[in-house]
Amino acid sequence: MSGEEKEYDVVSHSFPKVDGEALAKGRKVFLDDIENSTDLVASILTSPFAHAQIVDLDTTKAEKVPGVESILHYGNVPRVPHTTAGQGYPEPSPYDAYIFDDRVRFVGDRVAAVAGTSWEAVQEGLQAIEVEYKELDPILDPDRSRQSEIRIHPEEDSTGIYDPEKNIAAHVDIEVGDAGAALADADVVVTAKCKTQFAQHAPIEPHIATAHVDEYDRLIIRTSTQVPFHVRRIVSQVVGVPIKKIRVIKPRVGGAFGVKQEILLEDLVSLFALRTGKKVKMRLSREEEFVSSRTRHPMEVEVELGASKDGRLKGIRMEALSNTGAYGTHSLTVLSNVGSKTLPLYNEAPDVHFYGDAVYTNMPVPGAYRGYGAPQGYYSLEVAMDKLAEEVGMDPIEIRKINHIQEEETSPIFEKLGEGKEGTVQYIHSCKLDECIDVGAERIRWGERGSIKEAHDTEDKARGFGMSINMQGSGIPLVDLAAARLKLNEDGSFNLFVGATDLGTGSDTVLAQIAAETLGVDLDNIVVYSSDTDFTPFDSGAYASSTTYVSGNAVKKVAEDVKSQIIDLAATQYGADSKDLEIEEGRIHTPGGTIDLSDFAILTTSGELELDQQQIEATASEVPAESPPPFAAHFVDLEVDKRTGEIEILKYVAAVDCGTAINPNLAEGQMEGAIVNGIGYALTEEMEFSNSGEMINPSFFDYKIPNTEDIPEVEVILVESEEPTGPHGAKSVGEIGIDGAIPAISNAVRDATGITITESPFTPEKVWKKLQEAK
């Protein structure tokens, strides 16, 4: 259960980011700055067709271009089936990708790559490659794809595809009880079927990677990635270099949001480096980032709710159709999360059925994206909950309060459905969702919404209020592994080595705070080094909201071990009992007095101790047995212009229970960023395509992400609980902020106008058309 509020010295304080000054001063911390000059640069020739067979590929002219030094294509690289998904081994994604293939499956798919001494030479070389294509019929719609005789993956060496004959990459079907019977017996049944779009992560720094072979014949890769250890393993797999001969280094990352949980450039720079013996750099342009990297999975999700007359849920049916594009990276796990991250929230329903397909099309490739299936699932689920509230005559808040999961409760979905496989039994030990709902409702003036609407509604404009509630997770139980190493220096400072990957989220700072709090020292005595496969211990990577909880627990363990070593050694030195010693504010307190940790530390290596000199250090690992969810309540106050369909958000409030906020400012920043990300996903962001599958808006001029002028008033409230399994009571906060925007805004539009918007983004045109249909 949530415990009493604790007093902390370092945790729960908003210290500046440990890398903040370097970033603010524009120092060279990003890869393109660090590797400003390399021997060679490289780029990719991509397919102009959504579906085609490469009949012939001639590089003769390209090889003669001055400055061109190496060309890669399907005829001269190893053919190794693999997944580009940076997931834990064995990956739950199909092995359906190749470095290059003689079949291209979407506009933007790889055809060849050229390395040369200048970008100009590389571009000239790419244009000189002669490719003869045989166009094949493209399939752009997932429902049509399931019924088509055309196979997108006819090759026999791909593995792990659920049903290649029907173009189904992945399939999920789990049931608890008998949802069909429960729905048939329910007093009230409502349905919501909602559709989400292709959307791109749009990190400010596109993908970039370099590689070279060092003086010891080891392959050194620097890359802007979320998953350096998975990069090392997959590059080893596809290029045939042993893991022990590969080192992957992650510099500062300029945004990721899931798109850098892929191996997109690292295999190519590695092959070029191995073949030329030179340092090679590849980076995607903004257009290439849109067209050839990864997107969010577009989905159509249908939810059917059955309830008694008093609003208590009896049964839930959820069906998902996911468009996984040309390759099945993350197809099974994202599909699974549509149900696994949403359905446990309403555990009052005893009978639940979740099923769905992730289907290949000749469209760009979706992958991991913040929320990872949960935003698509919550859209339909929370719209359906508002419909149910209306049908039974209840306030949307009250119907959620009587149906959502509580402390010390569980859901059978936890065990039935994990990420791509069965899950594990979990109980909720911390949940302040009711408090989140109450404080959010107060800040948005939910109780006054009737009078506010009456006072502000006009013939042309209508005011509306909407809300949604959500839960997420904190890592992947019994799958994620994080490790940390800590060593004491002679001046009483500590080096903390973590494989965890800071993407700009502040995880280096958060992990340093956890270490400092545990050790009893100031934050500036923790020096963090992260994400270097030669020097930092293993970490699964920065995804699934895992870093604070999973990596944080590893840090807490190793700090406890090192602290124990210091205390035991000091007890022996000063003739005391270990239990009578403590470290606080950088000083060792003994029954006979105190000594600065810096003064004691120098003794451990100088030979002045009665015991032998020694290096005090330790390593610890963490594999979580459970994934405690954060909870959030989202509220929106908006206005709809009935003449144009334009939506103006007047205020957005989100209250979140993320356990102990290790660094409150960073936690609020994560929520604010995710909310703005969600607002963009709800209102403006959409990848648009021609009838032949070509993206027609691959730039920030035409793909609209919110800028500072677009962002409404956003208020984030941290409602802290104490998660007993988390480091100093912490849970995750990285993803849950994106889950609530689409349903809350949709519900607010319905409150304002009576229409239900079931397809995102909610553009003025869509809203206006719905308003005309409703007249």
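Good morning. In what follows, helices and strands are DSSP runs, a helix having at least four residues and a strand at least two, and both are numbered from the N terminus. Please keep in mind that the structure before you is a predicted model.

I begin with Pro90, which sits in the loop between strand 3 (68–73) and strand 4. The peptide bond that leads from Tyr89 into Pro90 is cis, and its omega is near -5°. A cis peptide bond also joins Ser760 and Pro761, with omega about 0°. Pro761 belongs to the loop between helix 20 and helix 21 (764–774). One further backbone feature deserves mention: Ala202, although not a glycine, has a positive phi, near 55°. Ala202 is found in the loop between strand 8 (188–195) and strand 9 (208–213).

I turn now to the overall division of the chain. Domain 1 comprises 20–27 and 481–622, domain 2 comprises 38–136 and 207–283, and domain 3 comprises 299–476 and 626–774.

Let us consider how domain 1 and domain 2 meet. Their centres, taken over C-alpha atoms, are 39 Å apart. At the interface, 21 residues of domain 1 touch 21 residues of domain 2. How much area do domain 1 and domain 2 bury between them? The value is about 1,600 Å², and 52% of it lies on carbon and sulfur atoms. On the side of domain 1, Leu503, Thr533 and Tyr543 together provide 37% of the area buried against domain 2, more than any other three residues. The interface between these two domains is also crossed by four salt bridges.

Salt bridges occur elsewhere too, and the whole structure contains 51 of them. One of them pairs Glu155 with Arg105, where the closest N and O atoms are 2.8 Å apart. Which parts of the chain does this pair link? Glu155 lies in the loop between helix 5 (142–147) and strand 7 (168–176), while Arg105 lies in the loop between strand 4 (103–104) and strand 5 (110–116), so that distant parts of the chain, 50 residues apart, are joined. Another salt bridge brings together the side chains of Asp532 and Arg247, at 2.6 Å from N to O.

My last topic is helix packing. Two packed helices are described by the angle between their axes and the distance between the axes.

Helix 16 (residues 507–519) and helix 17 (residues 547–574) have axes that come within 8 Å and cross at roughly 35°. The crossing is right-handed. Helix 16 contributes Ser507, Val510, Leu511, Ile514, Ala515, Thr518 and Leu519 to the contact, and among the residues they meet in helix 17 are Thr547, Ser551, Gly552, Val555 and Ala559. By class, this contact holds eight nonpolar, six polar and three charged residues.

The other pair is helix 11 (residues 374–392) with helix 20 (residues 741–753), whose axes come within 8 Å and cross at roughly 35°. This crossing, too, is right-handed. From helix 11, the contact includes Tyr378, Tyr379, Glu382 and Asp386, and from helix 20 it includes Ile742, Pro743, Asn747 and Arg750. What is the make-up of the contact of helix 11 with helix 20 by class? There are five nonpolar, two polar and five charged residues.

That concludes the presentation. Thank you for your attention.

How values were computed
Residues are numbered from 1 along each chain as its sequence is written. This is a predicted model: local features need pLDDT of at least 70, side-chain atom pairs count only at pLDDT 80 or more; totals for chains, interfaces and linings use all residues. Side-chain values use heavy atoms; hydrogens and water are left out. Axes are lines fitted to C-alpha atoms, for helices over the stretch in contact, and angles run from 0 to 180 degrees between N-to-C directions. A crossing is left-handed if the near helix is turned anticlockwise from the far one by less than a right angle, and right-handed if clockwise. Contact means heavy atoms within 4.5 Å. Ala, Val, Leu, Ile, Met, Phe, Trp, Tyr, Cys and Pro count as nonpolar, Asp, Glu, Lys and Arg as charged, and the others, Gly among them, as polar. Domain bounds come from an automatic or database domain assignment. Buried area is the accessible area (1.4 Å probe) that two parts lose on being put together, summed over both.
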